[in-house]
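Open the structure in your viewer and keep the selection tool at hand. The stops below say what to select and what is there.

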Amino acid sequence: MGFAKRTDDNHRAVAEEFRKAMPEATLFDLSGAGRGFSDFAIGWRGRTFLMEVKNPDRAASKKTPAQVKFFAEWQGHAAVVHSAAEMCAEMAREMERGQ
């Protein structure tokens, strides 16, 4: 028996805000994937960014044990963000690094 996949309260709002701010990017919701995988995959300018959305207004909004494991083992880009603005800033930082 599996567990229900939950998203943070701000998940949908962050996605909608990001799509308005970055219409040229591709945002794919992966929140149903489970096993600690990030909430969103974003494609922009030939790059892929994984973003885990957490709600800064809830103390209980922290990484699950599966997410901790995923972040420790993942060898590509992955970040925890709280807003669409943070998603954009994270993407800009990564593009500057050229990674």
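Select Arg45 in this predicted model; the residue sits in the loop between S2 and S3. Its phi is near 50 degrees, a positive value in a residue other than glycine. Most residues other than glycine have a negative phi. Is Arg45 buried or exposed? Exposed means over 50% relative accessible area, and Arg45, at 64% relative accessibility, therefore counts as exposed.

Now select Arg35, in the loop between S1 and S2. Arg35 is not a glycine, yet has a positive phi of about 55 degrees. With 80% relative accessibility, Arg35 counts as exposed.

Stay in the loop between strand S1 (26-29) and strand S2 (40-44) and select Phe37. How do the rings of Phe37 and Trp74 pair? Their centres are 6.0 Å apart and their planes stand at 85 degrees, so the pair is edge-to-face. Phe37 counts as partly exposed, at 27% relative accessibility. Trp74 also counts as partly exposed, at 39%.

Next, show Lys63, which lies over the face of Phe71 at 4.3 Å from the ring centre.

Move on to Thr64, in the loop between strand S3 (47-53) and H2. At 36% relative accessibility, Thr64 counts as partly exposed. Select Gly46 as well and draw a distance between the C-alpha atoms: Thr64 and Gly46 are 18 residues apart along the chain, and these atoms are separated by 30 Å.

The last stop is a pair of helices. Two packed helices are described by the angle between their axes and the distance between the axes. Select residues 11-21 for helix H1 and residues 84-97 for helix H3. Their axes come within 8 Å and cross at roughly 55 degrees. H1 and H3 are therefore oblique to each other. Which residues make the contact? On H1, select Val14, Glu17 and Phe18; on H3, select Ala84, Met87, Cys88 and Met91. Colour the selection by class to see six nonpolar residues, no polar residues and one charged residue in the contact of H1 with H3.

Note on methods:
Residues are numbered from 1 along each chain as its sequence is written. This is a predicted model: local features need pLDDT of at least 70, side-chain atom pairs count only at pLDDT 80 or more; totals for chains, interfaces and linings use all residues. Side-chain values use heavy atoms; hydrogens and water are left out. Axes are lines fitted to C-alpha atoms, for helices over the stretch in contact, and angles run from 0 to 180 degrees between N-to-C directions. Helices (H or I, at least four residues) and strands (E, at least two) are DSSP runs, numbered from the N terminus. Angles under 35 degrees count as roughly parallel, over 145 as roughly antiparallel, 65 to 115 as roughly perpendicular and the rest as oblique. Contact means heavy atoms within 4.5 Å. Ala, Val, Leu, Ile, Met, Phe, Trp, Tyr, Cys and Pro count as nonpolar, Asp, Glu, Lys and Arg as charged, and the others, Gly among them, as polar. Rings of Phe, Tyr and Trp (its six-membered ring) pair if their centres lie within 6.5 Å; planes under 30 degrees apart count as stacked, over 60 as edge-to-face and the rest as tilted. Buried means under 20% relative accessible area, exposed over 50%, partly exposed in between (1.4 Å probe, protein chains only). A charge sits over a ring if NZ of Lys or CZ of Arg is within 6 Å of the ring centre and within 35 degrees of the ring normal.
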